[in-house]
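Dear colleague,

Please find the structure we discussed below.

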Amino acid sequence: MEIIKKMKEYKTISRVAGPLIFVEKTEPIGYADIVKIALPDGTIKNGQVLDTSDDIVVVQVFEGTSGIDVDTRVKFLGDALKLSVSKDMLGRILSGSGKPIDGGPEVIPEKKLDIMGAAINPFSRALPHDFIQTGISTIDAMNTLVRGQKLPLFSGSGLPHRQPFARSSRF
Amino acid sequence: MDKGVIYRVAGPVVVAKGIKPRMYDVCRIGKEKLMGEVIQITGDKVIIQVYEDTSGIKPGEPVINTKEPLTVELGPGLLTSIYDGIQRPLPVLIKQMGDFIKRGVDAPGLDQQKKWDFKAVAKKGDDVKGGSILGEVEETPGNIHKIMVPPNQKGKLAEINSGKFTVNDVIGKLDNGFELKLKHNWPVRIERPVSSKLKPEMPLITGQRIIDALFPIAKGGVAAIPGPFGSGKTVMQQSLSKWSDADIIVYVGCGERGNEMTEVLTEFPKLTDPKSGKPLMNRTVLIANTSNMPVAAREASIYTGVTIAEYYRDMGYSVALMADSTSRWAEAMREIGSRLEEMPGEEGYPAYLSTRLAQFYERAGRVIPLGTKNEGSISIIGAVSPAGGDFSEPVTQSTLRVTKVFWALDAKLAQRRHFPSINWLTSYSLYHDALDEWYVKNVASDWRSLVGKMMSILQEEEKLLEIVQLVGSDALPERQQVTLVVARLIREVLLQQNAFHDVDTFCDMKKTHDIMISIMKISKMANNALDNGMRAEQILETKSKDRLSEIKFVKSYDNLLKEIMGKIEKELKQ
Ligand SMILES: Nc1ncnc2c1ncn2[C@@H]1O[C@H](COP(=O)(O)OP(=O)(O)OP(=O)(O)O)[C@@H](O)[C@H]1O
Ligand SMILES: [Mg+2]
């Protein structure tokens, strides 16, 4: 939080459109940088730079742009979206942006990881071959799940896809 | 030096000012010197697609124009390699940046240290030009790599030496002072020139019965494999890479899964080429730009692949290039196009989509290369993954306009586990006429007529099945019930082929021919039996005809086939 205070704040939003805000007259801003947006009523929103140039910076606001006006202040944090992670996160309930919402204490980070991840070099992959027994016979017999594989569940609206999804945590 | 600054960054697209490049010049972007390529020039603004992740790159950072186009290094060491979309060897990248792809790393395409044993065949004083063979290197056991004069050079050989060289050592000189090396560079977006183009006249034997018999592709031909997800495109591309009788295979994994490249990497060294008896990996070059790797490099990967293919073609080899999947390539173009604020065409693809696809497939062909008389060829087989299996979408349609073979994969067949799931009614090949003579000379004189019979029985089956759906099979005349039996044999024995069975994965032309002959014999015997008073019902109940598919899974099948055919004959004579 310290660093954020030191950063320049801009009140130069020239346009708001859909989930985007357009900020003018900034110093050079990095592509994909993380943005904090402070509304006059004290609400803080988060965003990310989608397009940056000498003239204008386009920011996608994650929480939507409702309430944003020309007096809204914008701060560029100068880093891609990182998430604090720790083994203590196991057993906790977190919001979409990684904040605890179970009433428990903040997570003390062991590491900060880029949420965009990084591509695995295909040459350093090993073929998945450890069978995972799911206990769901149609999966085990017909569409065996293997460690390191992806298993999409296709569902229609109104179908009970939550049960198999919840069951998957026990695999 | 031509230096400028970044004006704007939007994903893989960077706009620079202050440089004066030519179209497709390579630029170095930002403090980390990321590699990019000029794709548009408008006034003082230069638009560059960047091959690496641009997060954190800011306006005002430097841009350097290298004044060179994007090139690949061509020379010994390509075979058995696995590259990313811009020919950086993936094993080298692991050494430099660990298991994940990071940015700002340069790695030459060829091993710069390795010494190759070069045997000169050209002599001092020879008149040489682009494509002339200077000598040979055994690149992998059994694969001779011909060292050629680069396409745009010519002169008298002032000096040429045999010996052990790295790709950068000078092996000789032309009288104009040009230094000859084992390698040369070539820009990926420019087609390598040839002496002349030839008409295709021999098939690429794929070892896949339905292809070799019903829908053949010529050496130098182009084929499309469109299919909905899970219908078997990748398995088909891998089977073709394994068993096609091409000399060299270039496999471009374009925007698909990393695990599939790992499969190729672990499997190919263990499998042996039925022609040479050597590991399949020895003739293979892999290019991997998986779904999560940078999108601009995916756009380039197809060009990198086809340029390498052309290089081996120029040595007089037949090359087969697989692209899995060209839809992901088109999506890369779409993503970059949308960042340019270009006017989108159909479904958001850029208006030049079909031109680009046509230009790519146009690089296939059977040719007399420059400087030699040994003909070479490139066959291109592109997978297309239309969303929802809808073949009317732009990528499939633009592809079909230029490809002459259409292997339509069918979700229904795949669900019934009929593999390969090529739909025999909608697929086609326009090479039958061109290849006819070859079959007569090299396989059997009745090849074409057998194939014609197979097709017409399958087409008749389709009509009969419609009737059966309405009135039930009992209502069919007996002769037509027998046709249905024969059609089922064609589907189950000839068309179905298990890519994962050690023997069935590959089927040579003789065996395919034997299967077709046997089915026609059974058809004849069954029809004779009808004439002799046997009921269709009884014919249906005979057991031995259902055993014909056993021969697919046996290597030396002659005796088994005789035994089964003998039993069928007995049953149908009773
Ligand atoms: N010739 C074959 N023999 C046996 N099984 C096959 C064959 N072809 C495909 N299959 C089966 O179909 C599955 C899916 O095939 P594949 O991965 O090639 O589909 P795809 O069309 O590439 O799918 P996607 O669009 O998701 O990439 C394979 O895992 C395999 O089980
Ligand atoms: Mg696939």
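Buried area here is the accessible area (1.4 Å probe) that two parts lose on being put together, summed over both. The model is a predicted one, in which local features need pLDDT of at least 70 and side-chain atom pairs count only at pLDDT 80 or more, whereas totals for chains, interfaces and linings use all residues. Residues are numbered from 1 along each chain as its sequence is written, chains are lettered from A and ligands numbered from 1 in the order in which they are written, and side-chain values use heavy atoms, with hydrogens and water left out.

The interface between the chains

Between them, chain B and chain A bury about 2500 Å², and carbon and sulfur atoms account for 59% of it. Chain B brings 35 residues to the contact (heavy atoms within 4.5 Å) and chain A brings 26 residues. B:Y7, B:P59 and B:N259 together supply 22% of the area that chain B buries against chain A, more than any other three residues.

One residue of chain A

A:T52 is part of strand β5 (residues 44-53) of chain A; strands (E, at least two residues) and helices (H or I, at least four residues) are DSSP runs, numbered from the N terminus. A:T52 counts as buried because its relative accessibility is 0%, the limit for buried being under 20% relative accessible area (1.4 Å probe, protein chains only). Leaving aside residues up to four places away in sequence, A:T52 touches residues of chain A, including A:I29 and A:V57, and residues of chain B, among them B:Y7 and B:P59. A polar atom of the A:T52 side chain lies 2.8 Å from the backbone oxygen of A:I29.

The domains of chain B

Chain B is divided into domain 1 (2-69), domain 2 (196-430) and domain 3 (447-573), with bounds that come from an automatic or database domain assignment. The centres of domain 1 and domain 2 of chain B, taken over C-alpha atoms, are 31 Å apart. About 960 Å² is buried between these two domains, 61% of it from carbon and sulfur atoms. B:P12, B:Q49 and B:Y51 supply 44% of the area that domain 1 of chain B buries against domain 2 of chain B, more than any other three residues.

A sheet in chain B

Four strands of chain B form an open antiparallel sheet in the order β12-β11-β9-β14, where two strands pair if DSSP finds at least two bridges between them. Its edge strands are β12 (143-148) and β14 (163-165) of chain B.

With kind regards

Methods
Buried < 20%, exposed > 50% of the residue type's maximum accessible area, 1.4 Å probe, protein only. Polar contact = N/O pair within 3.5 Å; in protein donor to acceptor, adjacent residues only side chain to side chain.
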